[in-house]
Amino acid sequence: MTMVDTRTDIPKTPTLPDAQTVTEVTHWTDRLFSFRVTRPASLRFRSGEFVMIGLMGDPDPKTGKQKPLLRAYSIASPSWDEELEFYSIKVQDGPLTSRLQHIRPGDQIILRPKPVGTLVHDALLPGRRLWFFATGTGIAPFASLIRDPQTYEDYDKIILTHTCREVKDLEYGRQLVETVRSDEMLRELIGDGLDKLVYYPTTTREESPRMGRITDLLRDGTVFRDLGIEDFGPETDRAMVCGSMGLNLDIKEILESHGLREGANSDPKEYVVEKAFVG
Ligand SMILES: Cc1cc2nc3c(=O)[nH]c(=O)nc-3n(C[C@H](O)[C@H](O)[C@H](O)COP(=O)(O)OP(=O)(O)OC[C@H]3O[C@@H](n4cnc5c(N)ncnc54)[C@H](O)[C@@H]3O)c2cc1C
């Protein structure tokens, strides 16, 4: 069951370097949670970018000194949001997330205000359809991008695919799409038919209406049949990919076989890729 934790008596004094204060924590499953923090007034970022966040590490047994323990995290909120949102895994023996999963509103985290990343509009040439391929927490950068008006201004159709093992792992994304579709400002851009934003969730382990790896469903044409798409190719389609190393490589191969080329900030092309985690 989803549990939301909010608190109003939030302390104002930062005690960590680059400290930001946690304002809300939502536990989605025993392995997934999201949280919101205050946004540094000077932080500008492009929707889809990531930053380094973390906590102070344990004191060194010899010197007693503490060093920040930082990890890369996609900013899940759009660039216009007053706060910053993150969507996180809980790795039980993970140096950071074994502790981060216990944060509560009012706590502080460290946030290095240097956003970077390739999952940005600037790294793609103009196109008609934009695909977001995500697995697991790889949906985080797209949680930012599907809340950014530019996404709907630049494309006729946005297709968000999200693949997880179990149905409950899809809940953050499902609620997000619902929020976007009911948002007054975005709704105007998406249109009343709401068909400009297509949500395509799949599960690989638990039974659900659409099962299978997205790579298999692309290779055997199921995705294209389901969505009525006959002309997938470099003239019309753009894609952003965020998953495990294996998933990224497989999708790259599929996209390349359809004639799409990998782009970068300095050299925009038809698709871009980023790892959702290392390992
Ligand atoms: C560019 C980039 C963006 C990232 N954005 C996010 C994000 O938005 N949300 C997020 O939760 N993590 C994200 N990560 C992963 C994140 O940096 C950490 O690895 C994660 O927070 C776990 O930290 P840890 O210290 O607890 O364990 P680590 O020592 O970092 O990881 C331990 C092991 O856990 C597994 N693992 C780590 N992260 C994940 C994950 N997200 N999903 C599934 N398995 C994982 C891997 O097998 C890894 O070897 C991102 C990584 C990169 C490179």
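Two strands are said to pair if DSSP finds at least two bridges between them. Strands (E, at least two residues) and helices (H or I, at least four) are DSSP runs, numbered from the N terminus. The model is a predicted one, in which local features need pLDDT of at least 70, side-chain atom pairs count only at pLDDT 80 or more, and totals for chains, interfaces and linings use all residues. Residue numbers start from 1 along each chain as its sequence is written.

**Strand pairing**

Strand β2 (residues 19–27) and β7 run antiparallel and are joined by three bridges. Gln20 stands opposite Ile109 in β7. Strand β7 (residues 108–116) also pairs with β4, in the antiparallel sense, over four bridges. Within that pairing, Ile53 has Leu111 of β7 as its bridge partner, and Gly54 stands opposite Ile110 in β7. β4 pairs with β5 as well, again in the antiparallel sense, over seven bridges; here Met56 is opposite Pro68 in β5.

A parallel pairing is found between strand β9 (residues 157–164) and β10, with seven bridges. In this pair His162 stands opposite Pro201 in β10.

The pairings are set out below.

| Strands | Sense | Bridges |
|---|---|---|
| β2 and β7 | antiparallel | three bridges |
| β4 and β7 | antiparallel | four bridges |
| β4 and β5 | antiparallel | seven bridges |
| β9 and β10 | parallel | seven bridges |

Burial is counted from C-beta atoms placed from the backbone: a residue is buried if 20 or more other C-beta atoms lie within 10 Å of its own, exposed if 12 or fewer, and partly exposed in between. Strand β4 (residues 50–56) has five buried residues out of seven, so it is largely enclosed by the rest of the structure. Strand β10 (residues 197–203) is mostly covered, with five of its seven residues buried.

**Overall fold**

The protein chain contains eight helices and 12 strands. Its radius of gyration is 19 Å, close to the 19 Å that the globule rule gives for 279 residues, so the chain is as compact as a globular protein of that length. This radius is taken over C-alpha atoms, and the globule rule is 2.2 Å times the number of residues to the power 0.38. The C-alpha trace spans about 60 × 40 × 35 Å along its principal axes. Of the 279 residues, 40% count as buried.

Two residues are in contact if their C-beta atoms, placed from the backbone, lie within 7 Å. Among contacts between residues at least 6 apart in sequence, 71% join residues at least 24 apart.

**Domains**

The chain is divided into domain 1 (3–115) and domain 2 (121–275), with bounds that come from an automatic or database domain assignment. The C-alpha centres of domain 1 and domain 2 lie 26 Å apart. Their contact takes 16 residues from domain 1 and 14 residues from domain 2. On the side of domain 1 that touches domain 2, the elements giving two or more residues are β3 (32–38) and β6. β6 gives the most to that side, with three residues. By class, that side of domain 1 has seven nonpolar, eight polar and one charged residues. Ala, Val, Leu, Ile, Met, Phe, Trp, Tyr, Cys and Pro count as nonpolar, Asp, Glu, Lys and Arg as charged, and the others, Gly among them, as polar.

Of the 24 residues around the ligand, Gly94, Leu96, Thr97, Phe277 and Gly279 come nearest. The elements that give two or more residues to this shell are β5 (68–74), β6 (83–89), α1 (97–100) and β12 (271–275). The shell divides into 13 nonpolar, eight polar and three charged residues. It draws at least three residues from each of domain 1 and domain 2.

**Two single residues**

Glu171 is in helix α4 (residues 171–182). With 16 other C-beta atoms within 10 Å, Glu171 is partly exposed. Leaving aside neighbours within four places in sequence, Glu171 is in contact with Thr2 and Trp28. Glu171 and Asp5 are 166 residues apart in sequence, and their C-alpha atoms are 17 Å apart in space.

Gly191 lies in the loop between α5 (184–190) and β10. Gly191 counts as exposed, with 11 C-beta neighbours inside 10 Å. The C-alpha atoms of Gly191 and Arg181, 10 residues apart along the chain, are separated by 9.2 Å.

How values were computed:
A residue is near a molecule or strand if its C-beta atom, placed from the backbone, lies within 6 Å of it.
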